[in-house]
Amino acid sequence: MAEKTIMLVCSAGMSTSLLVTKMEKAAEARGLDAEIFAVSASEADSNLESKNIDVMLLGPQVRFMKAQFEPKLAAKDIPLDVINMQDYGMMNGEKVLDHALTLMK
């Protein structure tokens with residue numbers, strides 16, 4: 001099992017898959033043992049139940065769902081934030097990984 005588990009949520013789970021790949025490469029380069037995966041907004045709740053999530057990041061296109069997830073995640077003490085739109089658009093895996101790690105501290 002990975003040391004850190006990072007879940008990205010977007011509308012269909014597709015657009016974030018490239019970002020996941022870039023984040024995995026960044027984590028590997030740093031020697032971090034991290035499970036990073038993307039799901040659609042409709043799959044987020046079931047993944048929260050079945051997996052041990054350390055941080056959840058929302059894609060900019062689903063930022064409106066932050067208020068919906070906050071109470072669920074607060075109860076489990078899981079940090080939540082929206083991925084910076086510029087980092088998302090540039091598929092900057094390094095910066096998004098940095099943000100996730102900062103939230104986990």
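S40 is buried in this predicted model, because its relative accessibility is 8%, under the 20% cut-off. The residue belongs to strand 2, which covers residues 34-40. Its side chain makes a polar contact of 3.0 Å with the side chain of S42.

F37 takes part in a charge–ring arrangement: the charged end of K51 sits over the F37 ring, 4.7 Å from the ring centre. Aromatic pairs are absent; the structure holds zero.

| Pair | Kind | Distance |
|---|---|---|
| S40 and S42 | polar contact of side chains | 3.0 Å |
| K51 and F37 | charged end over ring | 4.7 Å from the ring centre |

Now the chain as a whole. Five helices and four strands make up its elements. From the N terminus they run β-α-β-α-β-α-β-α-α. The radius of gyration is 12 Å, close to the 13 Å from the globule rule for 105 residues, so the chain is as compact as a globular protein of that length. Its C-alpha trace spans about 35 × 30 × 20 Å along the principal axes. Of the 105 residues, 45% count as buried. Among contacts between residues at least 6 apart in sequence, 71% join residues at least 24 apart.

Which residues have the most contacts inside the largest nonpolar core? They are I6, L8, L19, M23 and L97, in a core of 19 residues. Strand 1 (4-10), helix 1 (15-29), strand 3 (55-58) and helix 5 (93-104) each give two or more residues to this core. Another core lies apart from it, with 17 residues, including F37, I53, V62 and V82.

L97 touches I6, M23, A26, A27, R30, L32 and I36, leaving aside residues up to four places away in sequence.

Definitions and conventions. Residues are numbered from 1 along each chain as its sequence is written. This is a predicted model: local features need pLDDT of at least 70, side-chain atom pairs count only at pLDDT 80 or more; totals for chains, interfaces and linings use all residues. Side-chain values use heavy atoms; hydrogens and water are left out. Rings of Phe, Tyr and Trp (its six-membered ring) pair if their centres lie within 6.5 Å; planes under 30 degrees apart count as stacked, over 60 as edge-to-face and the rest as tilted. A charge sits over a ring if NZ of Lys or CZ of Arg is within 6 Å of the ring centre and within 35 degrees of the ring normal. Buried means under 20% relative accessible area, exposed over 50%, partly exposed in between (1.4 Å probe, protein chains only). A polar contact is a pair of N or O atoms within 3.5 Å; within protein, one must be able to donate a hydrogen and the other to accept it, and residues adjacent in sequence count only if both atoms are side-chain atoms. A nonpolar core is a set of buried Ala, Val, Leu, Ile, Met, Phe, Trp, Tyr and Cys residues joined through side-chain atoms within 4.5 Å. Contact means heavy atoms within 4.5 Å. The radius of gyration is taken over C-alpha atoms; the globule rule is 2.2 Å times the number of residues to the power 0.38.
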